[in-house]
Structures are given as C-alpha cells and as structure tokens.
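Q: Please go through this model and say on what grounds each structural label is given.

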Amino acid sequence: MKKNLAITVISLAIILTLILSTLAGCVDVTGSTTTEPPTTPSPINPSWTPPATGSATDELPSIADVVALVKPAVVSINTEIVSQSVFGDFTQEGAGSGWIIDENGIIVTNNHVVEGANTITVTLDDGRIFTVEPDSVHTDVLNDLAIISIDASNLPTLSIGNSSRLRVGDWVIAIGNALGLGIRATEGIVSREGVQIQVDQNQVLYDLLETTAVINPGNSGGPLVNLSGEVIGITSAKIAQVGVEGMGYAISIDTAMPIIQQLVNNGYVTRPWLGVNIAPLSPSVLAAVAMDPELSSQIDVNEITADKGILLLTVAAGSPADNAGLKPGDVIISLRGEEVTDNQGFMQVLHSSIIGQPLEITYYRSDTEFNTTVVPIESPPPE
C-alpha cells in the first residue's frame, strides 16, 4: 500500500510539473507569449462609413424589339460564280447579307459578297426573291462596299446612326444571313474603334469598329445597329483562328456613307488621282520587273539605289504625275510631307488629300533625291 501510494504521489507530481510547464509556454489570444497587455491597432479613418448602396441598374431596351424593328429591312444575298479548272467549268455558291437604304430597292452590301458573281439573287424578309441585273451592281473595291438595286418599291428601310458618337462598351446587334441559313441576330458590344486590318496582301480596311457580336460567314454586308435600331456599321470581316473569339469588324457608317452616296449618284467613286501604278520596293518586285520585257525596257533595276519607298511601275501620259516630271523607275519616299514605305501608306495619304490641291513629293531617281509638286485630279470612271 505504502509503495502504491508513493508511486501515485510521484505520478501526480510529474503530471503537475508537465501541466505547469505547458501552461508556461502557451500563447494567449492576443498572440503574445508575455504577460504584457496587448497593443491596440491604430484606426485607418475613424469617421469612415461604407459607400451608399446604389439603385438597381436601369433595364436595357429589349433586343427583341430592336431586331423586330430592323429585320424587315435586312436581306439575304446568294451568288453563283462560274469558275474553270482542268476538269471543266464548275459553279461556286456564296451567301451574304445586305440592308435596304432606300424604299425603291437600293441595297447596301460588301463588295466581296458580289464580286465576280455571275448570278445574284436577293431574298427579302417577306420571302420575295429578286434576280439582280449586272448593270444594277456598283462597287468600290477599296472600301469593300457595294450597292445593288432591285425592281421594287415601298420597301422597309433602316435609319442611319452616327458612329462617331459610339463609345467602347456600347451595345450593338449584328443582323444577317449567317452561314446562308437565313436572317439571325447576335448581340455584343463595341470593343474597339478606329481599327485597321489587313484583309489580304493588297487591301487594308481602315476606321473599322471591332465588336464582340458573333460574326459568321454570310453576315458580310449586313447591318450593325445600335439599340435604337440605327445602322452604325456594315459587317465586313472577322479574325478566324484557333484561340481567337469575339473579334468581328464592321465598316463605320461615317466612313461608308460618302462612298454609298457616290455609288448611288455616280455609279462609281471619285478620288484624288495621280495616274501611277506602284509597287513596294522589295527584292521580289525588282526581280519581277527585271523579268518583264515591257517594264525592264523602261526601268533599269540596277539604277535603283533607294532602300525604302514605293516604286513607280508606270506613269500615264498626260497624268498629274507625268506633268510633274515623274517617270517609271522613280522611288517615292515622301508624299505631302509624310514618309511612305508601302502601297497602303501611299494610297492612304493620297486618298485623304483634296482634288486640285498641290502635293509635295520627294523621290529618288537613281542615286539623286528630287522634290516636285503634283496636283491630283478626279479619278477617271472605271472601265
């Protein structure tokens, strides 16, 4: 008994010692291992109060109402292009969109929708189908715009908006003949303004609206409208590659309307004209010139010493460029005081100039730099 009692007393003593040592190492709720009183944090701003709770966001106009307003004036365009191959003739079918700008059958679309088509048909929202006569198609390749007319009257039309008033984030709706399956609508926002994209090797489109509204083949030529149902752009292109979403493009209506008016009034677009054919100054171009008997007879590529600029391939007799003393083989490095390094840059400066207003040109002939003044005239009608 005495032995067991002694063992019990010793065990209790050990346990008490462990408890006391454990308590001595404990951390209090303030995070301090000492017995000093905790430090109170300094306030950031004692008088601060949370922001007031805002009211609910105003309800957006119904997209369905906008589509119902616009859809009757949107048309489907179907084309057939006869091509040749080693196996004989074959027909390619295409689909696009357009919209009615005048009740007497004037329709706006893209040039690439109707370009080269042997047959063009227009299907209205009410189901009527019209065959377009070849002389009823007027195009502007440079801005990818076209006007076609059909024999109809009292058609629904669309109102024209003002693309300069758009802001990034504004809601827009694209309506068109997507995939050639009939008129459908997609919504999105304006994601960027004033965009420039290279459509192909020889064409650049300027002043485009970028939108997240879904754009598919067949949408080309259709209207991009705001929530008032006004046309603020003409759907033209999209970037289609793996990993890229929501990057469709429309020609701004502010850029398009002067072109549309000229196509309707004149049948073609007039621009400042110098009477030259140009090409980029590159080894491949110089090699092609050297192999062309007609060009090589006028241009000695061995005399071209400039390392930048654009090459004059031909100069029309009696043209403004001819009158200014320019010749085939000259390399233009500056137009209106702006450096030019490619065809697009040269054409952009020229087309932004004014007919009849002198332009300063700096160019190289062989290894000598010259300056001259050229006065652009109105471009001649297309042949």
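Q: What does a side-chain oxygen of Ser62 reach at the start of helix 2?
A: That oxygen comes to within 3.2 Å of the backbone nitrogen of Ala64. A polar contact is a pair of N or O atoms within 3.5 Å; within protein, one must be able to donate a hydrogen and the other to accept it, and residues adjacent in sequence count only if both atoms are side-chain atoms.

Q: What kind of model is this, and how are residues numbered?
A: This is a predicted model, in which local features need pLDDT of at least 70 and side-chain atom pairs count only at pLDDT 80 or more, while totals for chains, interfaces and linings use all residues. Numbering starts from 1 along each chain as its sequence is written, and side-chain values use heavy atoms, with hydrogens and water left out.

Q: How many helices and strands are in the protein chain?
A: The chain has eight helices and 22 strands. Helices (H or I, at least four residues) and strands (E, at least two) are DSSP runs, numbered from the N terminus.

Q: Why is Ser282 called buried?
A: Buried means under 20% relative accessible area, exposed over 50%, and partly exposed in between (1.4 Å probe, protein chains only). Ser282 has 18% relative accessibility, so this residue counts as buried. Ser282 sits in the loop between strand 16 (276-280) and helix 5 (283-291), and its side chain makes a polar contact of 3.2 Å with that of Ser284.

Q: Why is Asn154 called exposed?
A: Asn154 has a relative accessible area of 66%, so it counts as exposed. Asn154 is placed in the loop between strand 7 and strand 8 (159-160). Its phi is near 55 degrees, a positive value in a residue other than glycine.

Q: What makes one face of helix 2 the buried one?
A: In helix 2 (residues 63-70), the buried residues are Val66, Val67 and Val70. Seen down the helix axis, the buried residues fall within an arc of 100 degrees, so they line one face; the arc is that of the directions from the helix axis to the C-beta atoms. Ala64, Asp65, Ala68 and Leu69 are exposed on the other side.

Q: What makes a set of residues a nonpolar core?
A: The set must consist of buried Ala, Val, Leu, Ile, Met, Phe, Trp, Tyr and Cys residues joined through side-chain atoms within 4.5 Å. The largest has 44 residues, and Ile77, Val122, Leu124, Ile150 and Ile234 have the most contacts inside it. Helix 4 (residues 253-265) gives the most to this core, with five residues. A second, separate core of 19 residues includes Ile278, Val315, Phe346 and Leu359.

Q: Which residues does Val122 touch?
A: Among them are Val75, Ile77, Ile107, Phe130 and Ile150, not counting residues up to four places away in sequence. Contact means heavy atoms within 4.5 Å.

Q: What makes strand 5 and strand 6 edge strands?
A: Strand 5 (129-131) and strand 6 (137-140) each pair on one side only. They belong to an open sheet of seven strands, with the order 5-4-1-2-3-7-6 and antiparallel pairing.

Notes. Pairing = 2+ DSSP bridges.
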